[in-house]
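Here is a short briefing on one protein model. Look over the sequence and the fold before reading on.

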Amino acid sequence: MRNRNHRHSFEGETTIDDGHRHYYRGSTSSDPNIPGHYHHISDVTTFNDGHRHRIQTRTGPDIQVRGGHVHRYETVTTYEDGHTHYTEGYTSVH
């Protein structure tokens, strides 16, 4: 439905850095379904190797796929315990 606010789910794993990786899962910000829209992602990773990282980014614009659309994202985590991790992926279809 056009112009109605909606969310996407996202989940994934970070790169392996400093000998370990983290996992994350969440929902995007709620935004209107208009051409070229994007969402904000904010999450905290799993607790691994004695610490967590924060993930914050803005997705790219909507990409039309069968059954709706998705958004691509990529970001670097916050610096914790002497390192960062990278992550990328696509949101769920809406």
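Is T57 buried or exposed? T57 is buried, because its relative accessible area is 16%; buried means under 20% relative accessible area, exposed over 50%, and partly exposed in between, with a 1.4 Å probe and protein chains only. This is a predicted model, in which local features need pLDDT of at least 70 and side-chain atom pairs count only at pLDDT 80 or more, while totals for chains, interfaces and linings use all residues. Residues are numbered from 1 along each chain as its sequence is written, and side-chain values use heavy atoms, with hydrogens and water left out.

**Overall build**

- The protein has 0 helices and 10 strands. Both are DSSP runs numbered from the N terminus: helices are H or I with at least four residues, strands are E with at least two.
- The C-alpha atoms fill a box of roughly 45 × 20 × 15 Å along the principal axes.
- Buried residues make up 36% of the 94 residues.
- The accessible surface comes to about 5700 Å², and 47% of this belongs to carbon and sulfur atoms. Areas come from the Shrake-Rupley method with a 1.4 Å probe; for residues, only the protein chains shown count as cover.
- Of the contacts with a separation of 6 or more, 47% are between residues 24 or more positions apart. Contact means heavy atoms within 4.5 Å.

- F10, Y24, I41, I55 and Y73 form the largest nonpolar core, which has 5 residues. Such a core is a set of buried Ala, Val, Leu, Ile, Met, Phe, Trp, Tyr and Cys residues joined through side-chain atoms within 4.5 Å.
- Beyond its neighbours within four places in sequence, I55 is in contact with Y24, I41, S42, D43, T45, T75, T77 and T87.
- T57 sits in strand β6 (residues 54-58). Not counting residues up to four places away, T57 touches H39, H40, I41, Y73, E74 and T75.
- A polar atom of the T57 side chain lies 3.4 Å from the backbone oxygen of E74.

**R25 and E11**

- R25 belongs to strand β3 (residues 23-27). R25 counts as exposed because its relative accessibility is 60%.
- E11 also counts as exposed, at 52% relative accessibility.
- E11 and R25 form a salt bridge, with the closest N and O atoms 3.4 Å apart. A salt bridge is a side-chain nitrogen of Lys or Arg within 4 Å of a carboxyl oxygen of Asp or Glu. This pair links distant parts of the chain: E11 is in strand β2 (residues 9-13), R25 is in β3, and they are 14 residues apart.

**Strands β9 and β10**

- Strand β9 (residues 72-76) runs antiparallel to β10, joined by 5 bridges. Two strands pair if DSSP finds at least two bridges between them.
- R72 has Y90 as its bridge partner in β10.
- In a regular strand the side chains alternate between the two faces of the sheet.
- Strand β10 (residues 86-90) has T87 and G89 on its covered face, and Y86, E88 and Y90 on the uncovered one.

- The structure holds 4 salt bridges.
- R72 counts as partly exposed, at 28% relative accessibility.
- E74 forms a salt bridge with R72, the closest N and O atoms being 3.2 Å apart.
- E88 and R72 meet in a salt bridge of 2.7 Å, N to O. Here E88 in β10 and R72 in β9 are 16 residues apart.
- Shared partners join R72, E74 and E88 into one network of salt bridges.

Conventions. A polar contact is a pair of N or O atoms within 3.5 Å; within protein, one must be able to donate a hydrogen and the other to accept it, and residues adjacent in sequence count only if both atoms are side-chain atoms.
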